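Good morning, and thank you for coming.

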Amino acid sequence: MPAEHMPEAIPMVDLAAQYRRLGDAIEAAVTDVLASTRYILGPNVEAFENEAAGYLGVRHALGCASGTDALHLALKAAGIGAGDEVITTPFTFIATAEAIRYVGARPVFVDIAPDSFNIDPAGLEDALTERTRAVLPVHLFGRPADMAAIRQFATRHRLAVIEDCAQSFGARYDGRMTGSLGLAGAFSFFPSKNLGGCGDGGLITTDDDDLAETVRMLRNHGRRIDGYQHEVIGYNSRLDELQAAVLRVKLRHVDDFNRGRQRVAEAYRRWLSDPHIERPGCAPSSSHVYHQYTILVPEHARESIMARLRAAGIASAIYYPMPLHRQPAFADARYEALPVAEAVSRRCLSLPMYPELSDEHVQRIADCVLAAVHANGDDHDEP
């Protein structure tokens, strides 16, 4: 097809669209930081932390260098260390389990629920040992995990709950924000996130004063105040002042961003109604903010669906093609099969998702997916 007749390409995420909307405000905020020459733990970091804490409904929100660091520092501040075990999900980005290994603990993977992609609370009791110290649920793709069941289990066994909120900024569970439901929450501000910066950044949330004070020390070389008295061995993991300035601008719009994602998800639901496709939903007690829109398609058809989308100039992705318990990085520990996570990894397909995606583009994407599914015929239907 001649280039002039090719339809407009549709990316997985269009950061330029958001920048066109907020560019003037972002540039003004960045210019103010540059003029101030206050670059490390300056007024924008403090202001963003206060604003984020107010938005999320927590006593403390502490910036750090990345979402991975947020998980690491939260676990360390919670006292998780060598020889401990942390129960978590195998169906997530590796940072979740990396952080557990960073503190010397062992991740114990529990299979996921097929309707949510989140950790299945029904498997928690079987994963419990005398070394279990925490549960680390992930609010995957923006859908809150079953926190009522997780918290009941954790309370019964006196375990800490550390929430991985990297993909769920602005999601609610039973009227409360994710990140306010456990001992601590860990957020990522990677650029493609629901609240994303112009680089890496992270946030730890908590209502625990002692944990917050420990995080403040850990992120800044183990010191309580600037100077050369170091209480503990810490890290250099501070949220950048420039990123904080950008995030302050975007935080004012995050609810609007999430409503846009929910609109796109509703359009996908309308146009992807097909018995061969399983679409995400959400429990009545929670709100889904759709960091990703991930469907399940017939295993035999996934590659052909992606090929057809690619030929039409439409991006797609597989989050995640290999569960963590099967990753080479964890080959030193022998994990049992987790059949739901393994089946989902063979069938999952993520489609373009961002607030500015038009209904017309969603319909075009859906039409392409359905055409590919039907072209594969019904003789390979999933059981």
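**Pockets, cavity and chain**

The largest pocket of this predicted model has a volume of about 540 Å³. Its lining consists of 26 residues, and those closest to the centre are Phe 93, Gln 167, Phe 190, Lys 193 and His 291.

Let me say how such spaces are found. Rolling a probe the size of a water molecule over the atoms shows where empty space is left. The search uses a 1 Å grid over the protein atoms alone: a pocket is an open set of points with protein on both sides within 12 Å along at least five of seven lines, whereas a cavity is a set of points where a 1.4 Å probe fits but cannot get out; a lining residue has an atom within 4 Å of a point. Grid points are joined across faces, edges and corners, and the volume is the space filled by probe spheres set on the points.

Two conventions also apply to everything I say. Residues are numbered from 1 along each chain as its sequence is written, and side-chain values use heavy atoms, with hydrogens and water left out. Because the model is predicted, local features need pLDDT of at least 70 and side-chain atom pairs count only at pLDDT 80 or more, while totals for chains, interfaces and linings use all residues.

Which elements contribute to the largest pocket? At least two lining residues come from each of α3 (67-77) and α4 (95-102), and α3 gives the most, with 3 residues. Helices (H or I, at least four residues) and strands (E, at least two) are DSSP runs, numbered from the N terminus.

How many cavities of 30 Å³ or more does the whole structure contain? The search finds 1. The largest cavity has a volume of about 70 Å³. It is lined by 13 residues, and Val 13, Leu 15, Gln 18, Arg 261 and Pro 355 are the closest to its centre. That lining divides into 5 nonpolar, 3 polar and 5 charged residues.

I turn now to the chain as a whole. The protein chain has 12 helices and 11 strands. Its radius of gyration is 21 Å, close to the 21 Å that the globule rule gives for 383 residues, so the chain is as compact as a globular protein of that length. This radius is taken over C-alpha atoms, and the rule is 2.2 Å times the number of residues to the power 0.38. Along the principal axes, the C-alpha trace spans about 70 × 55 × 35 Å. Of the 383 residues, 54% are buried; buried means under 20% relative accessible area, exposed over 50%, and partly exposed in between, with a 1.4 Å probe and protein chains only.

Let us look at single residues. Val 138 lies in the loop between β4 (132-136) and α6 (147-157). Is Val 138 buried or exposed? Its relative accessibility is 4%, so Val 138 counts as buried. Leaving aside residues up to four places away in sequence, Val 138 touches Thr 89, Thr 92, Thr 96, Asn 118, Ala 145 and Asp 164, where contact means heavy atoms within 4.5 Å. Val 138 and Thr 89 are 49 residues apart along the chain, and their C-alpha atoms are separated by 7.1 Å.

Finally, some backbone details. In the loop between α1 (15-36) and α2 lies Thr 37, whose phi is near 60 degrees, a positive value in a residue other than glycine. Thr 37 is exposed, with a relative accessible area of 53%. Leu 41 lies in the loop between α1 and α2 and has a positive phi of about 45 degrees although it is not a glycine. Leu 41 is partly exposed, at 26%. The peptide bond from Tyr 319 to Tyr 320 is cis, with omega near 15 degrees.

Technical notes: Ala, Val, Leu, Ile, Met, Phe, Trp, Tyr, Cys and Pro count as nonpolar, Asp, Glu, Lys and Arg as charged, and the others, Gly among them, as polar.
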